[in-house]
Amino acid sequence: MVDVLGRITEQRKKRNWTEYQLAQKSGLPQSTILSWYRKNMLPSLQSLEKICGAFDMTMAQFLVENGCQREVTLDQRRLLEKWELLSPGQKKAFLMLMDSIMIS
């Protein structure tokens, strides 16, 4: 299981950010961030989304264990953004197309 507070600290230090800078970049009050550590609480999903946005990463990237983490390329991100706009039928057709391409 991912240590969420540890990952926040790791990502913050990787960028040489203070907790204050993280608060500014995420739009969260610094007191909220400090209280997570003081009370050993997990942030809400909404707060975690803001934190991930500040780190310019998806929540999936944030939650992946260290050894398995992969960077998402710009093309992959664009593909995922477009995927979210497809209807269920379009997604099924797209997957069938991808399967046929992979067989060739």
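**Note on the helices, core and salt bridges**

1. D75 and R78 sit about one helical turn apart, because they are three residues apart in helix 6. Their side chains form a salt bridge, with the closest N and O atoms 3.5 Å apart. D75 is exposed, at 55% relative accessible area. R78 is partly exposed, at 43%. Keep in mind that this is a predicted model.

2. The structure has three salt bridges. Another one joins E10 and R7, at 2.7 Å from N to O. Both residues belong to helix 1 and are three residues apart, about one turn of the helix. R7 is buried, with a relative accessible area of 5%. E10 is partly exposed, at 32%.

3. D56 pairs with R77, and their closest N and O atoms are 3.7 Å apart. D56 counts as exposed, at 55% relative accessibility. R77 is partly exposed, at 27%.

4. The largest nonpolar core contains 16 residues. Those with the most contacts inside it are I8, L22, I33, W36, I51, F55 and F62. Two or more core residues come from each of helix 1 (4–14), helix 2 (19–26), helix 3 (30–38) and helix 4 (45–54). Helix 4 gives the most, with four residues. As a general point, nonpolar side chains tend to be buried together in soluble globular proteins.

5. What does I8 touch, leaving aside residues up to four places away in sequence? The contacts are L22, W36, Y37, P43, L48, I51, F55 and F62.

6. Helix 4 has a buried side and an exposed side. Its buried residues are S47, L48, I51, C52 and A54. They lie on the same side of helix 4 because they cover an arc of only 155° around the axis. On the other side, L45, Q46, E49 and G53 are exposed.

Conventions. Residues are numbered from 1 along each chain as its sequence is written. This is a predicted model: local features need pLDDT of at least 70, side-chain atom pairs count only at pLDDT 80 or more; totals for chains, interfaces and linings use all residues. Side-chain values use heavy atoms; hydrogens and water are left out. A nonpolar core is a set of buried Ala, Val, Leu, Ile, Met, Phe, Trp, Tyr and Cys residues joined through side-chain atoms within 4.5 Å. Buried means under 20% relative accessible area, exposed over 50%, partly exposed in between (1.4 Å probe, protein chains only). Contact means heavy atoms within 4.5 Å. The arc is that of the directions from the helix axis to the C-beta atoms. A salt bridge is a side-chain nitrogen of Lys or Arg within 4 Å of a carboxyl oxygen of Asp or Glu.
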